[in-house]
Amino acid sequence: MKTKTAFSLIAAVNFVFCSAAFAGSKTHEVTGTVLETTPTKIVIQKGAERWEIDLDPQTKVSGELKVGAKVTITYTMSASKIDAGPLTKLKAAAEEATAPISSSVAPGSQKKRGARC
């Protein structure tokens, strides 16, 4: 009976840790000076880089966003579209260009034409 309890406890702990690991995306932070803000985006300057980050209704803002303020933004990255087509076509073209030339005609069996004047 103790063995069943121990395995049940291990399974429950494993479930909790696995759920936490897959709960969300990795977060990143950027700190800069606000250049522009609208209800749907914020633009900041970080060194020589200009960052435009979209805002959505779930974005939590603490404090007042105003031009010139220094802010730290926590964000996640996610893909909205992936197109592997052009890369696949380029790879196929490169493989075709480097492929050995094969012919069903034996070498030297073709007639050689002389130059016409």
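1. L35 is partly exposed, with a relative accessible area of 37%; on this scale buried means under 20% relative accessible area, exposed means over 50%, and partly exposed is what lies in between (1.4 Å probe, protein chains only). The residue lies in strand 1, where strands (E, at least two residues) and helices (H or I, at least four residues) are DSSP runs numbered from the N terminus. Leaving aside neighbours within four places in sequence, L35 is in contact (heavy atoms within 4.5 Å) with V43, I44, Q45, R50 and V67. L35 and G68 are 33 residues apart in sequence, yet their C-alpha atoms are 6.4 Å apart in space.

2. Please keep in mind that this is a predicted model, in which local features need a pLDDT of at least 70 and side-chain atom pairs count only at pLDDT 80 or more, while totals for chains, interfaces and linings use all residues. Residues are numbered from 1 along each chain as its sequence is written, and side-chain values use heavy atoms, with hydrogens and water left out.

3. The confidence deserves a careful reading: pLDDT, the predictor's confidence in each residue on a scale from 0 to 100, averages 77 over the protein, and 62% of the residues score at least 70. Among the elements, helix 1 (residues 2–21) has the lowest mean pLDDT, 47, whereas strand 2 (residues 41–46) has the highest, 97. Over residues 15–22 the pLDDT is below 50, and this stretch has zero contacts in the model beyond near neighbours in sequence. Where pLDDT is low, the predicted coordinates should not be read in detail.

4. As for the overall layout, the secondary structure comes to two helices and four strands, which run α-β-β-β-β-α from the N terminus on. Of the contacts with a separation of 6 or more, 49% are between residues 24 or more positions apart. Buried residues make up 9% of the 117 residues in the protein.

5. The four strands form an open sheet in the order 3-2-1-4, with antiparallel pairing; two strands are taken to pair if DSSP finds at least two bridges between them. Strand 3 (49–54) and strand 4 (70–76) each have a single partner strand and stand at the edges, so one side of each is left without a neighbour in the sheet. From one strand to the next the twist averages 50°, an angle taken between N-to-C directions on a range from 0 to 180 degrees, with axes fitted as lines to C-alpha atoms.

6. The pairings can be followed one by one. Strands 2 and 3 are joined by six bridges, and K41 has D54 in strand 3 as its bridge partner. Strands 1 and 2 pair over four bridges, with T33 partnered by Q45 in strand 2, and these two strands form a hairpin with three residues between them. Strands 1 and 4 share seven bridges, and E29 stands opposite T74 in strand 4.

7. Which residues form the largest nonpolar core? There are eight: V30, V34, I42, I44, I53, V71, I73 and Y75, where such a core is a set of buried Ala, Val, Leu, Ile, Met, Phe, Trp, Tyr and Cys residues joined through side-chain atoms within 4.5 Å. Strand 1 (27–37), strand 2 and strand 4 each give two or more residues to this core, and the largest share, three residues, comes from strand 4.

8. W51 counts as partly exposed, at 22% relative accessibility.
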